[in-house]
Amino acid sequence: MKKNRKNAQGIVRKIGAFDVLNIAILLIFAFVCLFPVYYVLVGSFNEGQNYALGGTVLFPRVWSFENYLWVLNYKLIWNGLLVTAARTVVGTALHLVFTMTVAYGMSHRLLRGKKFFRGFNLLTMFFGGGLIPYYILLTELRLTDTFWVYVIPPMYSVYDMLVFLTFIRGLSQDLHDAAVIDGAGEWQYLFRFVFPLSMPVLATVGLWSIVGHWNNYFDTMYYAESYESLWTLQYVLKHMIEAGEPLYYAGKELNAQTVEFAAVIVATLPVLFAYPFLQRYFTNGFMVGSLKE
Amino acid sequence: MEAKNTVKKRKKFKRFSKSEAAVFIMAFLGVVFLALFAYVPMAGILLAFKDGDYLYGFWDAMSTDWVGFKHFARFLTDMDFKAVFFNTVGLNVLSLLVNFPFPILIAVLLGEVRSRRLKRGLQSVIYLPHFLSWVVFGSIILALLNTNNGLINMILKEMGLLERSINFQRDHFWGLIIFTTLIKGAGWGSIIYLAAITTIDPQLYEAAELDGAGRFRQIFCITLPAIAPTITTFFLLNISGLLGDSIEQLLVFQDGTITNELFDSYLLHQAFGGFDGSPHYSYATALGLFRSVIAVLLLSLSNFFSKTFAGRGLF
């Protein structure tokens with residue numbers, strides 16, 4: 001936008017001291033953000049005993065694939081990947097459909113008792129019962145130690161509902177009225193028109209949800225720890241890091257740290273692959289709008 | 001008479017039309033969900049005034065005696081709790097001072113980058129840490145800070161700045177938390193401000209430039225005032241989180257010493273295995289209530305001050 005304004009003026013700007021300093025600061029910050037990931041990538045390909053000497057920075061000193069072989073032969077990682085993928089897909093789908101449905105109802109001018117609905121929702125943003133009553137509730141509902149504890153409690157979020165609400169308000173009222181005249185019910189209108197038209201905001205909130213589901217380990221740690229078959233990828237990782245047991249591959253003792261690095265990379269690869277595709281959904285002003293409500 | 005009454009009744013309560021019923025059901029789904037997952041736990045707060053320790057299950061716990069403010073009195077006079085409380089407040093005030101302005105700075109700096117390609121490239125890199133889990137990010141940071149072969153300690157020793165390795169986890173816990181929050185969150189946190197910056201009318205900058213305003217002047221006189229409402233909103237939201245930390249972050253970086261214990265993790269540890277190794281549900285519920293009340297108070301207070309002095313608040 002700014003570039004255009006310069007072009008419109010026909011002024012060719014020189015790069016001044018300000019620009020140099022500005023970009024230098026940003027580059028330093030970017031380096032600090034990126035370097036840790038690179039460091040782990042290098043470490044994961046380095047032979048363990050050699051890594052222990054320290055100082056592997058730019059390239060692996062002694063290449064080794066044993067770390068990865070160990071990780072790929074670790075059953076819990078694969079199971080964890082499966083559980084995490086399942087909770088991410090199911091959880092995000094449930095979250096989007098449910099929250100969007102409520103948002104559409106809340107946004108509708110025919111909704112009776114709007115004040116009550118708003119108040120009922122908003123209060124929960126500022127006050128809650130705390131962790132323990134929540135935990136007891138999950139236990140009483142028999143959700144703990146089942147897969148459902150991963151996907152049902154995060155099904156609805158007032159915050160995301162407000163984001164959707166703001167977006168839906170911007171949709172055409174005429175379209176709604178025309179569809180209703182043509183005999184579409186509200187449910188039909190919701191699924192046939194509101195959902196497809198809300199793709200941008202669904203993508204953004206969907207991204208938040210995906211990241212939340214993929215990275216969560218707390219749920220497993222406190223709500224579903226009893227069965228290894230329910231452990232999510234991140235929890236398997238955490239467990240592995242904390243166990244600190246000596247690890248062997250083909251009779252040779254490996255360095256737990258470099259194996260850990262390989263596991264970290266395996267757990268992060270899907271994120272890194274998806275990253276370029278998700279990028280276009282990062283920037284948006286939805287949040288600002290919804291918070292001003 | 002009778003006929004009149006029914007007419008009146010009908011006026012009072014009009015039957016739901018098909019559409020009205022449909023949207024009512026949609027909105028009501030949210031109420032059902034919140035009633036179960038938000039309001040039932042609120043009722044569970046009663047547990048804080050019961051002696052439900054050592055018991056499993058809500059009804060067992062609720063059938064115990066009322067004990068009034070016993071649990072509150074206990075933690076308010078507890079030395080460990082005092083340490084945890086001040087540790088938490090201290091860390092979070094400091095973290096707020098660093099981690100609140102930094103995303104704004106990043107957004108302003110990014111807004112000043114002229115080359116679009118460079119800007120996009122920088123954005124993709126600084127958003128990345130947000131997408132890593134705390135387990136992943138934490139284990140990387142701890143590997144870098146390792147006392148034996150961590151890169152940071154080795155470099156510092158090589159340069160002769162250190163004689164012995166620093167144990168960051170034990171001795172610089174606040175710094176560790178603040179720094180990792182910064183790296184993981186600052187880039188992502190800048191999005192919201194950047195979005196606000198891109199809505200500023202470019203003509204303002206043009207005019208300022210023709211009037212001879214330098215870049216700093218433009219930032220302070222145009223950019224910052226334009227995003228001030230966003231800044232206020234997020235500041236208010238951040239204030240109420242003074243007792244709250246990312247629990248996933250804490251559990252990754254803690255090394256088990258009491259000096260590293262913060263409110264949320266203390267609550268968790270008390271709940272599932274406290275001072276004597278057994279669960280203390282009532283005690284932890286009391287802690288949770290204390291925390292919620294403080295958060296509401298802080299939010300209301302800061303909202304009040306913001307309304308009085310800045311003319312705008314959250315609600």
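**Chat notes on a predicted two-chain model**

Q: Where in chain A is A:G206 found?
A: A:G206 is found in helix 12 of chain A, and it should be kept in mind throughout that this is a predicted model.

Q: And is A:G206 buried, exposed or something in between?
A: A:G206 counts as partly exposed, because it has 18 C-beta neighbours inside 10 Å, whereas a buried residue would need 20 or more.

Q: Which residues does A:G206 touch, leaving aside its neighbours within four places in sequence?
A: With those neighbours set aside, A:G206 is in contact with A:T92 and A:L96.

Q: How many residues does helix 12 of chain A have, and how far does it reach?
A: Helix 12 of chain A covers residues 199–215, which is 17 residues, and from its first C-alpha to its last it reaches 24 Å, close to the 24 Å expected at 1.5 Å a residue.

Q: Which residues of that helix are buried?
A: The buried residues of helix 12 of chain A are A:V201, A:L202, A:T204, A:V205, A:S209, A:V211, A:H213, A:W214 and A:N215.

Q: Switching to backbone angles, what is phi of A:R142?
A: Phi of A:R142 is near 60°, a positive value in a residue other than glycine. A:R142 sits in the loop between helix 7 (131–140) and helix 8 (148–151) of chain A, and it is exposed, with 10 other C-beta atoms within 10 Å.

Q: What about A:D145?
A: A:D145 is not a glycine, yet it has a positive phi of about 60°. A:D145 lies in the loop between helix 7 and helix 8 of chain A, where it is partly exposed, with 15 other C-beta atoms within 10 Å.

Q: Over to chain B: what does its secondary structure come to?
A: The secondary structure of chain B comes to 16 helices and 0 strands. Its radius of gyration is 26 Å, well over the 20 Å that the globule rule gives for 315 residues, so chain B is more spread out than a compact globule.

Q: What box do its C-alpha atoms fill, and what share of its residues is buried?
A: Taken along the principal axes, the C-alpha atoms of chain B fill a box of roughly 90 × 65 × 35 Å, and 32% of its 315 residues count as buried. Among contacts in chain B with a separation of 6 or more, 62% are between residues 24 or more positions apart.

Q: How do helix 5 and helix 11 of chain B cross?
A: The axes of helix 5 (residues 79–99) and helix 11 (residues 173–198) of chain B come within 10 Å and cross at roughly 35°, and helix 5 of chain B passes helix 11 of chain B in a right-handed crossing. Helix 5 of chain B contributes B:L91, B:L94, B:S95, B:V98 and B:N99 to the contact, while helix 11 of chain B contributes residues including B:W174, B:I177 and B:G185. By class, the residues of this contact divide into 8 nonpolar, 4 polar and no charged.

Q: Last one: how many residues of chain B are in contact with chain A?
A: On the chain B side there are 79 residues, in contact with 81 residues of chain A. Helix 2 (residues 18–43) of chain B gives the most to that side, with 18 residues, and by class the side has 54 nonpolar, 16 polar and 9 charged residues.

Conventions
Residues numbered from 1 in each chain as written. Chains lettered and ligands numbered in written order. Predicted model: local features only at pLDDT ≥ 70, side-chain atom pairs only at ≥ 80, totals over all residues. Contact = placed C-beta atoms within 7 Å. Helix = DSSP H or I, 4+ residues; strand = E, 2+ residues; numbered from the N terminus. Nonpolar A, V, L, I, M, F, W, Y, C, P; charged D, E, K, R; others polar. Axes fitted to C-alpha atoms, helices over the stretch in contact; angles between N-to-C directions. Left-handed = near helix turned anticlockwise from the far one by under 90°. Expected span 1.5 Å × (residues − 1). Buried ≥ 20, exposed ≤ 12 C-beta atoms within 10 Å, placed from the backbone. Rg over C-alpha atoms; globule rule 2.2 N^0.38 Å.
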